[in-house]
Amino acid sequence: MAKKGKNISEESNKNEKKSKFNISGILGIFKKIPLKNFSIKKIIEFLKDFKNFNRKKKIIFISSVLAIILLIILLIIIVPTFSTKKLNVESQAESASISNLFIYVPPDAFQYKKTFTIKSLKENSAEYQNLKTLGNLYGPIYEIIPDDKKDESSLKPIKIKYKLPMELYYGDSFNNFSIVYASDDNPPVVKKLAGCEIYKDESLGTYVVQANTFHFSKFGLYVDPNPKEVDFGLKTLIEKPSSLEPDIILVPGIDNNFLGFIPNTQTINNIYGENIWSLYFPNRTIWNYKYPLLETKPKKYMDAFFGYYIRTGSNSYLEFEAERFALELKAKKNKQFDIITQGIGGLIVRYALEKHPEITNVRTITMFSPPNNGINIVNPIYYNVIYKKSPEIIELTYGLNKEEYNSLYLNITSKLELISSYYKELLPDSEFIKKLKNSNIRKDIEYNIITGTIPDINIHISNTKLSTFYPEFIKGYGDGLVTIDSARINGANFYTYDMPYNKLYSDNDVLSFVQSILSKNIEKVDIPKIEDDKFPETTIEVVEKIKSEEKSKENRTIIFQKNSKYTQKELLEFKEELLYLENINYGKIVNLNNNIIILTNKGAYDLDGNNIFNKNILGSIKYKDRLYIASDDGVYAIDESAFNFIKIKNKDFELHNNVYYLPEIRRYIYVDYVDGLANIYENETMISEGSQFISMKVINNEFYIILGNKILKRKGNNWITIVNKAGIEALLKEEIGNFVDYYSRAYLIYLLTSDYKLIIYDTKNEKVQILGNSDVGKLKLLENNNLLWIFDKNYITYIDLNNKVFGGDYQSILDFDIIDVENYNNSFLIFIRKNGGFELWDTIIKK
């Protein structure tokens, strides 16, 4: 857990004040000299009398004058060194330090001798204040200026180290520090350097954060105001029930969009939003191999890397990650995987599998734009050729116009900065690439490679000298990240598409093709035709029989009776389509006493398809037949008889991910996400930190917060935990998935979990029962006429609350996905995704 955050700006000002050189204190000694009584006439008289002084007085006087002169010289020479420093760069390695900043320049980093002046910006200057605000910077900001006024890139990476303020160091698993670069543009470009490293520098005797850069400018220290512990390795993105289809592992490169999260698709039932991979592989659990490619590497990670270096002699980050990935696969040897990678991720996976033939639980590897034979865009020698050159010279020498040059320069600058900590290993002649070339691909694993043939920028270099430097940017040869020849390896299936590298994994044709090749050779189960009810049939039990072990667990505590038979029936008839919407990503139904409103990522719609609230929705609550919506600029409300929303609160919510207004008590719930986990506040008071937030819920006019590991209820002025996951697991003596929905009636609590379980908790008798286990959905719980209905995207069932029976009736739906459900006229409104659009249906209960 993170320590309570300190006020960074206050700490910064305090430390900076301590470090100032107190010149006024030094010069204060002159106040004691009565200079105001001096005049030219008195000085002349004094000099005439000087020859009459005895020897002792003469020595004292002359010594005093010399001391004053020496002090003035020292002030002139020494004082500037507290705010400036020289860095002389020649053929050998050079280093320099000034206050908290340390710089190391490797041998031959520049083509000829250069000197630089390092100075700290004045803290009262407008530039300092502007950069500090833009970058959330802590402490001094330093500018490094070439004395010859020639801004050039280095041929080798320069290491920038910044001493860490230990009062803001929260532990070895935190990475809340980065070095920030600021350009000389107006306005300046301010960004964190990728791949920073936190470790204890023994030569400096202090903890530092270090980054690589290929050019000098202004540098400062970024401190994250919300420090968090980080964890790397194999992490679940989308969890699905076990099936015969292998799980999928995503191993990203420099483009985080590869992980497939679709913007603005977050709902109360899906806190992470829709994932494009899950749409194409709906039955598969999807994993992400998380490693610090772009983010800061915490000390704990660096300690492990240094340990690997000591053991093996290898300082390759990619080899280190490959070994860690291999361990993850071995730990899950009972699972089978299809692996999909992007860029560098493909090299990590290849190295892991080809070095460890004992790993046998990988079926296929599908690699997008893998630099199997290296890439040129990270070569600093080529970068030096184009770095901040005059557009006129570039056009004269290489034939590029100004717009093309700017595109090329910015594109390569961005990529080199992103891969700065890995760049050496990606050059075509690197030791790592040589090892891969000499490696044998696995005969028991299917390799698929997909690249583009169109660069991600539109430039024309095919007939210029730059074509030998950057073939990745030639149409028909490369996709902006790799060339076709670099990606290709013998023995792999190879496919190309006419698009850039960063469009491949969001294109429907490409993803449909990947879906088809990964669907081959998967064992099929013949489902017998339904003739009677003598055998169970659900989405899972058509594949596996109910295990006797699970039956025995359920028999330990009987709260509800469960039928051993399963019967497929038409539980709901889809009576009438009430509304069709397109160009949205999700929808939530709100029923205000039959005034129906659909909340989407594009605002709110009525049943006539009118957009009656065309604003960003941060959160919504239905309370006493009135709907309250928090948007960026305040709170809006509508009731059962109204046609338009009325603004009831003016407030700026733009800093928060989700906001919920609690009527009557007039409080706000703020939900702010950090790496998918939420910090939750009521006004300024934190309720929960680092939680999986599921939804806000109102039951019998009382407020609930559904979290992945507990259910909170507002009682009095506090939020109390009414049930937690750990307690349920202790009673069951087994692990369960995270909570996804909650309902309560009398003394019984009903919990729906992410691993498709329906759990009944008897609060009066402290009993717990797993009533549904992979034979229920995990979308939503709704009570209707003393039946508790359980919905999934393609599956509906119910339990009888009065008679406490799970009868086993269910309805399986295959031709559309259910997005949301709401009670309506003794039945349900169901919002579905079908044929690229979204439909709202009225239904009739048929059971």
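Trainee: In which loop is asparagine 136 found?
Mentor: This is a predicted model. Helix α5 covers 126-135 and strand β5 covers 137-146. Asparagine 136 is found in the loop between α5 and β5.

Trainee: What is the phi of asparagine 136?
Mentor: Most residues other than glycine have a negative phi. Asparagine 136 is not a glycine, yet its phi is positive. The value is about 50°.

Trainee: Is asparagine 136 buried, partly exposed or exposed?
Mentor: Its relative accessible area is 30%. Buried means under 20% and exposed means over 50%. Asparagine 136 is therefore partly exposed.

Trainee: Where is asparagine 583, and what is its phi?
Mentor: Asparagine 583 is found in the loop between β21 (572-581) and β22 (587-592). Asparagine 583 is not a glycine, but it has a positive phi. That phi is about 60°.

Trainee: Is asparagine 583 buried or exposed?
Mentor: Take its relative accessible area, 57%. The cut-off for exposed is over 50%. So asparagine 583 is exposed.

Trainee: How are helices α7 and α8 oriented to each other?
Mentor: Helix α7 spans residues 299-312 and helix α8 spans residues 317-331. Their axes come within 11 Å and cross at roughly 100°. Angles of 65 to 115 degrees count as roughly perpendicular. The two helices are therefore roughly perpendicular.

Trainee: How many nonpolar residues are in the contact of α7 with α8?
Mentor: From α7 come Tyr301, Met302, Ala304, Phe305 and Tyr308. From α8 come Tyr317, Glu319, Phe320, Glu321, Glu323 and Arg324. By class there are no polar and 4 charged residues. The nonpolar residues number 7.

Trainee: Which residues do ring pairs link into a cluster?
Mentor: Start with the contact of α7 and α8, where Tyr301, Phe305, Tyr308, Tyr317 and Phe320 take part. Those residues also belong to a cluster linked by ring pairs. The cluster members are Tyr199, Phe232, Tyr301, Phe305, Phe306, Tyr308, Tyr317, Phe320 and Tyr422.

Trainee: How many aromatic pairs are in the whole structure?
Mentor: A pair of aromatic rings is described by the distance of the centres and the angle of the planes. To pair, the ring centres must lie within 6.5 Å. A search of the whole structure finds 53.

Trainee: What kind of pair do the rings of tyrosine 660 and phenylalanine 693 form?
Mentor: The centres are 5.8 Å apart and the planes stand at 45°. Under 30 degrees counts as stacked, and over 60 as edge-to-face. This pair is therefore tilted.

Trainee: Which strands does that pair link?
Mentor: Both tyrosine 660 and phenylalanine 693 are buried. The two residues are 33 apart, in distant parts of the chain. The strands are β30 (residues 658-662) and β34 (residues 693-699).

Trainee: What is the plane angle between tryptophan 789 and tyrosine 798?
Mentor: Tryptophan 789 and tyrosine 798 are both buried. Their ring centres are 5.1 Å apart, and the pair is tilted. The angle of the planes is 40°.

Trainee: Which residues does tyrosine 495 touch, beyond those up to four places away in sequence?
Mentor: Tyrosine 495 is found in strand β18 (residues 493-497). Its relative accessible area is 23%, so tyrosine 495 is partly exposed. Its C-alpha atom is separated by 7.8 Å from that of asparagine 448, 47 residues apart along the chain. The residues touched are Asn448, Ile449, Ile450, Thr451 and Phe513.

How values were computed:
Residues are numbered from 1 along each chain as its sequence is written. This is a predicted model: local features need pLDDT of at least 70, side-chain atom pairs count only at pLDDT 80 or more; totals for chains, interfaces and linings use all residues. Side-chain values use heavy atoms; hydrogens and water are left out. Axes are lines fitted to C-alpha atoms, for helices over the stretch in contact, and angles run from 0 to 180 degrees between N-to-C directions. Helices (H or I, at least four residues) and strands (E, at least two) are DSSP runs, numbered from the N terminus. Angles under 35 degrees count as roughly parallel, over 145 as roughly antiparallel, 65 to 115 as roughly perpendicular and the rest as oblique. Contact means heavy atoms within 4.5 Å. Ala, Val, Leu, Ile, Met, Phe, Trp, Tyr, Cys and Pro count as nonpolar, Asp, Glu, Lys and Arg as charged, and the others, Gly among them, as polar. Rings of Phe, Tyr and Trp (its six-membered ring) pair if their centres lie within 6.5 Å; planes under 30 degrees apart count as stacked, over 60 as edge-to-face and the rest as tilted. Buried means under 20% relative accessible area, exposed over 50%, partly exposed in between (1.4 Å probe, protein chains only).
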